[in-house]
Amino acid sequence: MGETILHENKTFTDVDYTEKRLVNREFVKCEFVNCNFTKSDLRDNNFENCVFRQCNFSLTLIDGAGFRDITFQSCKVLGVDFSRSNKFMFSFTFLDTVLDYCVFFGARLRKTLFQGCSLKEADFSEADLTAAVFDNCDLTLTRFSATQLEKTDFRTAYNFSIDPDFNKIKKAKFAAANLSGLLTKYNLDIDFDA
């Protein structure tokens with residue numbers, strides 16, 4: 001392994017990292033704008049206090065990569081397995097970002113904000129989402145199994161299906177209009193206009 005290259009307080013704009021491998025890099029307080037990381041190999045690199053805006057992270061490899069205090073804003077993050085990244089450097093904010101088919105299996109996402117995100121077919125099995133917020137998020141076919149959802153805010157989330165028998169949902173927040181997402185397994189015909 002070579003010496004780690006530190007990038008600090010830099011802005012990277014319109015950089016195409018498609019299918020490229022970054023080696024021994026550490027990014028601190030950096031901003032990435034309109035960068036393409038499709039099928040990039042970011043394994044074992046570290047990102048701290050960084051912001052990604054309008055970036056494409058489709059099928060990016062992040063095994064062992066550290067992400068601390070990271071914001072994804074208006075990004076496309078498809079099919080990324082966050083469960084393979086560094087567990088000790090793992091904190092995010094997701095704003096208006098597409099996170100379809102992403103895996104967060106066993107991830108610690110306490111108090112994480114997901115705002116205006118699409119999380120279709122994402123997997124939160126065995127994750128800790130205590131006090132996380134899903135504000136105006138589409139959770140179509142998103143998987144929650146043995147997931148810690150205590151105090152999690154689903155009041156403006158939609159299209160979710162959560163089985164209370166297989167998840168910890170004590171004090172989780174729901175709107176009356178979206179409670180049907182807790183009853184999916186019963187195949188009930190719920191009339192909201194009655």
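Visitor: Does Thr 38 count as buried or exposed?
Guide: Buried means under 20% relative accessible area, exposed over 50%, and partly exposed is in between (1.4 Å probe, protein chains only). Thr 38 has 18% relative accessibility, so the label is buried.

Visitor: What kind of model am I looking at?
Guide: Residues are numbered from 1 along each chain as its sequence is written, and side-chain values use heavy atoms, with hydrogens and water left out. Local features need pLDDT of at least 70 and side-chain atom pairs count only at pLDDT 80 or more, while totals for chains, interfaces and linings use all residues, as this model is predicted.

Visitor: Which side chain makes a polar contact of 2.6 Å with that of Thr 38?
Guide: A polar contact is a pair of N or O atoms within 3.5 Å; within protein, one must be able to donate a hydrogen and the other to accept it, and residues adjacent in sequence count only if both atoms are side-chain atoms. The side chains of Thr 38 and Asn 56 are joined by one of 3.4 Å. The 2.6 Å partner is Asn 36.

Visitor: How far is the sulfur of Cys 117 from the closest cysteine sulfur?
Guide: A disulfide is a pair of cysteine sulfur atoms within 2.5 Å, and the count by that rule is 0. Cys 117 is buried, at 2% relative accessibility. The closest cysteine sulfur is in Cys 137, too far for a bond at 4.7 Å.

Visitor: How are the rings of Phe 27 and Phe 32 arranged?
Guide: Rings of Phe, Tyr and Trp (its six-membered ring) pair if their centres lie within 6.5 Å; planes under 30 degrees apart count as stacked, over 60 as edge-to-face and the rest as tilted. That rule gives 37 aromatic pairs. With centres 5.4 Å apart and planes at 70°, Phe 27 and Phe 32 are edge-to-face.

Visitor: Which residue forms a salt bridge with Arg 84?
Guide: A salt bridge is a side-chain nitrogen of Lys or Arg within 4 Å of a carboxyl oxygen of Asp or Glu, and the structure holds 8 of them. For Arg 84 the closest N and O atoms are 2.7 Å apart, and the partner is Asp 63.

Visitor: How many residues apart in sequence are Glu 48 and Arg 68?
Guide: Their side chains meet in a salt bridge (3.6 Å, N to O). Glu 48 lies in strand β5 and Arg 68 in strand β7, so the pair ties together parts whose separation in residues is 20.

Notes: Helices (H or I, at least four residues) and strands (E, at least two) are DSSP runs, numbered from the N terminus.
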